[in-house]
Amino acid sequence: MLGETYELVREDQGFRLVAEKISHHPVRTACQAEAKDWTFLQAPKPTQKFWGKSVELNTDGRAHVLLRSTGEHYSWSQATCYLRNVVAGEKYIEPVQTMTVINETTGEKAVATFKAGGMFSGRSEDVTVQAYDAKDSVLTLGLVGKWTSDLSLTSSGTDTGKKIWK
């Protein structure tokens, strides 16, 4: 409901969240979550398009995380996502295009590129991540893998085989 505020306070876990729908047309929400070591802020403006068998989901607006221990501030925008097989079949979400995560404190960034599946090739879970320094120069380190299962470290574009997330 427009203007209705939702609040969750978990003093036993040192966590609180406040969220509100701030606009109905266009839809816009805002939220802030805080814990001992971080603060999360976002005011997304979602839009969707129906394409027959799938729904395209776009979210305008950046999410922000402030880390208290380091003083760093990160922000990112959500990649375009598709909800596939809306009418029949196994439903799944597929991110496509890019998502950029920026260290607002230092200017460094990482660009995640999600490989889109084709009309007949099925789903794609492949992602590559390229890191950049504050001067926008490509760094030798990056990531490659599947966003649903695991990521491996790359060096100069070559997979090192070292899994850093599973």
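A residue counts as buried under 20% relative accessible area, exposed over 50%, and partly exposed in between (1.4 Å probe, protein chains only). Asp12, at 59% relative accessibility, is exposed by that rule. The model is predicted, so local features need pLDDT of at least 70 and side-chain atom pairs count only at pLDDT 80 or more, while totals for chains, interfaces and linings use all residues. Residues are numbered from 1 along each chain as its sequence is written, and side-chain values use heavy atoms, with hydrogens and water left out.

Start with the whole chain. The protein chain has 15 strands and zero helices. Strands (E, at least two residues) and helices (H or I, at least four) are DSSP runs, numbered from the N terminus. The C-alpha trace spans about 50 × 45 × 30 Å along its principal axes. Of the 166 residues, 23% are buried.

Now follow one set of strands. Strand β5 (residues 45–50) pairs with strand β6 (residues 55–60) in the antiparallel sense, over six bridges. Two strands pair if DSSP finds at least two bridges between them. Four residues lie between the strands of this hairpin, and Gly52 takes a positive phi near 90 degrees. On its other listed pairing, β6 meets strand β9 (residues 80–84), antiparallel, over three bridges. Leu57 takes part in both pairings: Leu57 in β6 is the bridge partner of Gln48, and Cys81 in β9 is the bridge partner of Leu57.

Turn to the charges. The structure holds eight salt bridges. Each is a side-chain nitrogen of Lys or Arg within 4 Å of a carboxyl oxygen of Asp or Glu. One of them joins Arg10 and Asp12, at 2.7 Å from N to O. Arg10 is partly exposed, with a relative accessible area of 33%.

Lys109 and Asp136 form another salt bridge, their closest N and O atoms 3.1 Å apart. Lys109 lies in strand β11 (residues 109–114) and Asp136 in the loop between β12 (126–132) and β13 (138–146), so the pair ties together parts 27 residues apart in sequence. Lys109 is partly exposed at 25%. Asp136 is partly exposed too, at 48%.

What does Lys163 form with Asp150? The two form a salt bridge, with the closest N and O atoms 3.3 Å apart. Lys163 sits in strand β15 (residues 158–165) and Asp150 in strand β14 (residues 150–155), 13 residues apart. Asp150 is buried at 18% relative accessibility, whereas Lys163 is partly exposed at 46%. Elsewhere, salt bridges that share partners join Glu90, Arg123 and Glu125 into one network.
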